[in-house]
Amino acid sequence: MKIQETAVRQLLPTQLTVGMIEVREKARHLKELKPKDLQDFLGDHPMPVVTGPGDKRYITDHHHLARAALDAGISSVFFSLQADLSKCRTDEFWPEMDRNRWVHPLDANGVRHHYVLIPTDLNKLVDDVYRSLAAFVRNGGGYDKTPLPYAEFVWADFFRRNVAIEDIKANFNAAVETAIPLAHSEIAARLPGYRKK
């Protein structure tokens, strides 16, 4: 798949939320990289893009990295074309994206919304702390990364039902430590990337 360069600001989200704790961590990492290392890193993590009506570029993954790049003051990133739906009308585009599982219009409470509420700017993505929890649990060995689309949303919803928001807000790192054994437990056995301890 051909890797191309694009301005970060030209990338449009296909979801409503990101975990801002994860975004801040990624932005810090990007800022620490030397220019050559940064280019190599971004080249190794191209954003999958679907071209939509008006030749707009919609990312179907790596929303955290795209937002982190924006927050870190990085002007351009790399992408690979996943599909070209530019010939679709808007009323055809979103249902086709949904059929391919390339859109996830769920809010920070796991409630589905109309496509029109998907932000037209990466800066307008809403914080869902459970998305950050899911990412940090995965990074801590709680479950395996999987190519299944939006698997982290499934884990975020699992933790939303099993870890109190007050615990996360009181001490995020302690909540991660609590959530890792939960991820290994039998109640998580059907989730993507499940890893029995």
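User: Which residues line the second largest pocket?

Analyst: This is a predicted model, and its second largest pocket has a volume of about 240 Å³. The residues that line this second largest pocket are Leu 12, Pro 13, Pro 53, Lys 56, Tyr 58, Thr 90, Trp 94, Tyr 115, Val 116, Ile 118, Pro 119 and Thr 120.

User: By class, how many nonpolar, polar and charged residues does the lining of the second largest pocket have?

Analyst: Among the residues lining the second largest pocket are Leu 12, Trp 94, Thr 120 and Lys 56. Sorted by class, with Tyr and Pro counting as nonpolar, the lining of the second largest pocket comes to 9 nonpolar, 2 polar and 1 charged.

User: Which residues lie nearest the centre of the largest pocket?

Analyst: The largest pocket has a volume of about 710 Å³, and its lining, taken by class, holds 12 nonpolar, 10 polar and 9 charged residues. The lining is made of 31 residues, and those that lie nearest the centre of the largest pocket are Asp 61, His 62, Arg 138, Lys 145 and Glu 152.

User: Which helix gives the most to the lining of the largest pocket?

Analyst: Helices α1, α3 (63-71), α5 and α6 each supply at least two residues of the lining of the largest pocket. With 4 residues in that lining, the helix that gives the most is α1.

User: How far apart are the end C-alpha atoms of helix α8?

Analyst: Helix α8 runs over residues 172-184 and so has 13 residues, which at 1.5 Å a residue should span 18 Å.

User: What covers the buried residues of α8?

Analyst: The residues of α8 that are buried are Phe 172, Ala 175, Val 176, Ala 179, Ile 180, Leu 182, Ala 183 and His 184. Residues three or four places apart in an α-helix point the same way, because there are 3.6 residues a turn. The elements that cover the buried residues of α8 include α1 (20-32), α5 (129-139), α6 (151-162) and α7 (165-170).

User: Which side chain does a polar contact of 2.5 Å join to that of Thr 60?

Analyst: Thr 60 is placed in the loop between β5 (57-59) and α3, and it counts as buried because its relative accessibility is 9%, where the cut-off for buried is under 20%. Not counting residues up to four places away in sequence, Thr 60 touches Thr 14, Pro 48, Val 50, Gln 82, Met 97, Trp 102 and Tyr 150. The side chain joined to that of Thr 60 by the polar contact of 2.5 Å belongs to Gln 82.

User: Does Thr 17 count as buried or exposed?

Analyst: Thr 17 has its place in strand β3 (residues 17-18). Leaving aside neighbours within four places in sequence, Thr 17 is in contact with Leu 106, Asp 107, Ala 108, Leu 125, Val 126, Asp 128, Arg 131 and Phe 153. Because its relative accessibility is 1%, Thr 17 counts as buried.

User: What is the relative accessible area of Pro 105?

Analyst: Pro 105 is in the loop between α4 (90-99) and β7 (126-127). Not counting residues up to four places away in sequence, Pro 105 touches Leu 16, Val 111, Arg 112, His 113, Tyr 115 and Ile 118. Pro 105 is buried, and its relative accessible area is 0%.

User: What is the phi of Asp 55, which is not a glycine?

Analyst: Asp 55 lies in the loop between β4 (47-51) and β5, and it is exposed, with a relative accessible area of 56%. Although Asp 55 is not a glycine, its phi is positive, at about 60°.

User: Where is the place of Arg 101?

Analyst: Arg 101 is a residue other than glycine whose phi is positive, near 60°. At 46% relative accessibility, Arg 101 counts as partly exposed, and its place is in the loop between α4 and β7.

User: How far apart in space are Lys 31 and Ala 69, C-alpha to C-alpha?

Analyst: Lys 31 is part of helix α1 and counts as exposed, at 56% relative accessibility. Leaving aside neighbours within four places in sequence, Lys 31 is in contact with Asp 71 and Ala 72. Lys 31 and Ala 69 are 38 residues apart in sequence, while in space their C-alpha to C-alpha distance is 8.8 Å.

Key
Residues are numbered from 1 along each chain as its sequence is written. This is a predicted model: local features need pLDDT of at least 70, side-chain atom pairs count only at pLDDT 80 or more; totals for chains, interfaces and linings use all residues. Side-chain values use heavy atoms; hydrogens and water are left out. The expected span of a helix is 1.5 Å times one less than its number of residues. Buried means under 20% relative accessible area, exposed over 50%, partly exposed in between (1.4 Å probe, protein chains only). Contact means heavy atoms within 4.5 Å. On a 1 Å grid over the protein atoms alone, a cavity is a set of points where a 1.4 Å probe fits but cannot get out, and a pocket is an open set with protein on both sides within 12 Å along at least five of seven lines; lining residues have an atom within 4 Å of a point. Grid points are joined across faces, edges and corners, and a volume is the space filled by probe spheres set on the points. A polar contact is a pair of N or O atoms within 3.5 Å; within protein, one must be able to donate a hydrogen and the other to accept it, and residues adjacent in sequence count only if both atoms are side-chain atoms.
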